[in-house]
Structures are given as structure tokens and as C-alpha cells.
Amino acid sequence: MPRTTIDITIPNLTGTRAVVTGASDGMGLRIAARLAAAGAELVLPVRNPVKGEKALATIRQVAPDASVSLRSLDLSSLDSVAALGETLRGEGKPIHLLINNAGIMTPPSRQTTADGFELQFGTNHLGHVALVGQLLPLLKEGNARVTSQISIAARSGAINWDDLNWERNYNGQRAYSQSKIAFGLFGLELQRRSAAGGWGITSNLSHPGVAPTSLLAARPEISREGDTTAVRAIRWLSARGILLGTVESAGLPALMAATDPAAKPGVLYGPSGPGNLGGAPAEHALYKPLRSTEEAARVWEVSQQLAGVAIPV
């Protein structure tokens, strides 16, 4: 059936320095291209330089005059995050937009990061916590808006406080939900701490709904050699306009949260269609696991300890 085109207007971002993680392909690349086309100076931290160069070429097809450059980043390595932080602080330019978009989902078996954390918790959550900590002076200087990409998986589940690294009774989907709940709580607490401390940073959340992004596709770097059955079904439904979003529409909530002058701090943006699976982006209620300020404060403290950063009160 015909699909109605969904889009939003991106304001002029000339003079804005934007950092987007996970932008070498898929939804993240679409987000980055829209920011570049709106005039932002774009910094893309990537793990794979070959994919990064392809992403640059794609962006320059859309925005030939774009100011866009690559930096090296592997979110599953705290040393790599620290090195990027040192590089960007050394450049001395304030950051005005940070979209924490990168993520991995349900590797075929339990895996760990370079620092020994369960891969999803370490990459999706702790890697981004460390990145915020490393970039905090630049974010303050830029009065930045920080948008953290969570997932519809954060609407249920909980943080496994007794076994954060899932060393016992590993469940890939529950570990994924935990990583996104923790990351969402951290993003909300970042807003509360910034408001209380006068940091000038505004922080909000987004999620893409369900769309045929690369999350469930073949990912050799996490030992997934072929596409999952789930992503094949998602592609089929998306192509026919049934309930789900597209790769393009999936990035719109993050773009709205990050760039819309009316976007609110401490708020979750996502698709507005049935079940929040697809549709136009809009504000919607925080998922139940994200509503506890006590849980958020605990995540804030524990995550900094694990990530090896100290975000001053």
C-alpha cells in the first residue's frame, strides 16, 4: 500500500558543532546527513574507518558543501572513548549537539567489552556515559543539547542490579532492555543535574520505534553472520507500510529532540503511531522503568564508577 511521507523541518544549524555516534550507516547516517544539510559542522566518531569514509561520501552527495569529518571511536573500549575525549578537548571547540545514537542489540551469545562488561551494557550505556563525562567541558561551553537514543525495549524490564554484567542466567533481550533503561535513566538524570548545577546542558531522550535499521541485521563484529528472522519480518512489514517505520522515519524523533527549538528537556520523543512502532515523531510519556528518580540517581553514581569518569556535582 502507498506510504505517507513523514518528515520534519530542521532549523538552520550554521555555526553549530554536532557529534553523532553510530552514524556510519543506517538510521544514524540519515540523522547525520540531515544535520549536515542544515549547515551543522559534523563530527562522526566511527569504529570502522572504511564505513566512515563511505558515510562521508554519502553525506557529501546530499550536502556537497558540508563540513563533516571523522574521528576514531570504539564505544566498547573505555580507552578509545578517553582518547576521543582528549582529541576533541584538544581541538577546543564547543559542542552544541550530541546525539548518542550508536548501539548493538542481542548478539548471538554473551560477549564482553574490552573492559570486561557485558557487551550491550558496556557499549550502549557505559560507553556513552564515559563519552558524556569526557566531553562535559565542551558540552557546557556550547550550552549543548544532548539527545540519547533509547529503545521501545525500555518500556519493560528492569536493571539487574544483582548481576549487571549478566554473568549468571544470561538473556540477550533482557540485557538489551537493561542497557536502554539504564541509558535512559542516565539521560534524564543528566538533565536534572544540569538544571540544578547551572551547567547550561539540556538532555532529552528519543527512540526510533521499530524499523528495518541495522540493529538486527548481519553484524560480523558481534558474530552475527546473517540477518535475523526478526529483521527480515520488519523489512517486509515496513516496505508495505504496515505499522512500522522506515530507516528514514526512525531517525526523526532524535532529530526533533535534538534540533526543534520547542523540544523539551527531560522528555522522551518517539513515533506517534499505534504502539509507538512507527509514525510521525512526537513527545510521549516516559516508560514506567524510566520514572524513578531514585533509580536514576543510583544509575548516575554506579555508571560513573564503572565507566571511570567523574561528572562533578
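Which residues line the largest cavity? Before selecting them, keep in mind that this is a predicted model, in which local features need pLDDT of at least 70 and side-chain atom pairs count only at pLDDT 80 or more, while totals for chains, interfaces and linings use all residues. Residues are numbered from 1 along each chain as its sequence is written, and side-chain values use heavy atoms, with hydrogens and water left out.

**Stop 1: the cavity**

Select Phe121, His125, Ile159, Trp161, Leu164, Ala182, Val299, Val302, Ser303 and Leu306, which together line the largest cavity. A cavity here is a set of points, on a 1 Å grid over the protein atoms alone, where a 1.4 Å probe fits but cannot get out, and a lining residue has an atom within 4 Å of such a point. The volume of the largest cavity is about 50 Å³, where a volume is the space filled by probe spheres set on the grid points, which are joined across faces, edges and corners. Counting cavities of 30 Å³ or more gives one.

Helices (H or I, at least four residues) and strands (E, at least two) are DSSP runs, numbered from the N terminus. Helix 9 gives the most to the lining, with four residues. If you colour the lining by type, you will find eight nonpolar residues, two polar ones and no charged ones; in this scheme Ala, Val, Leu, Ile, Met, Phe, Trp, Tyr, Cys and Pro count as nonpolar, Asp, Glu, Lys and Arg as charged, and the others, Gly among them, as polar.

**Stop 2**

Two strands are said to pair if DSSP finds at least two bridges between them. In general, strands of a sheet pair through backbone hydrogen bonds, either parallel or antiparallel.

Zoom in on strand 4 (residues 97-100) and strand 5 (residues 145-149), which run parallel and are joined by four bridges. Here Asn100 stands opposite Ser148 of strand 5. Moving on to strand 6 (202-206), you will see that strand 5 and strand 6 also run parallel, joined by five bridges, and that Gln149 has Ser206 of strand 6 as its bridge partner. Strand 6 is largely enclosed by the rest of the structure, because four of its five residues are buried. Buried means under 20% relative accessible area, exposed over 50%, and partly exposed in between (1.4 Å probe, protein chains only).

**Stop 3**

Select helix 1 (residues 26-37), whose 12 residues should span 16 Å at 1.5 Å a residue, and whose end C-alpha atoms are 17 Å apart, which agrees; the expected span is 1.5 Å times one less than the number of residues. Nine of the 12 residues of helix 1 are buried, among them Met27, Leu29 and Ile31. Just after helix 1, Gly39 takes a positive phi of about 105°.

Then turn to helix 8 (residues 252-259), where eight of its eight residues are buried, including Leu252, Pro253 and Met256.

**Stop 4: single residues**

Is Asn169 buried or exposed? Find Asn169 in the loop between strand 5 and helix 5: with a relative accessible area of 70%, Asn169 is exposed, and its phi is near 55°, a positive value in a residue other than glycine. Asn276, in the loop between strand 7 (268-271) and strand 8, likewise has a positive phi, near 55°, but at 21% relative accessibility Asn276 counts as partly exposed.

Finally, select Pro212, in the loop between strand 6 and helix 6 (229-239), which counts as buried at 19% relative accessibility. Draw a line from Pro212 to Met27: these residues are 185 residues apart along the chain, and their C-alpha atoms are separated by 9.0 Å. For another such pair, take Gly184 in helix 5 (residues 172-197) and Val210, which are 26 residues apart in sequence and 17 Å apart in space, C-alpha to C-alpha.

How values were computed: On a 1 Å grid over the protein atoms alone, a cavity is a set of points where a 1.4 Å probe fits but cannot get out, and a pocket is an open set with protein on both sides within 12 Å along at least five of seven lines; lining residues have an atom within 4 Å of a point.
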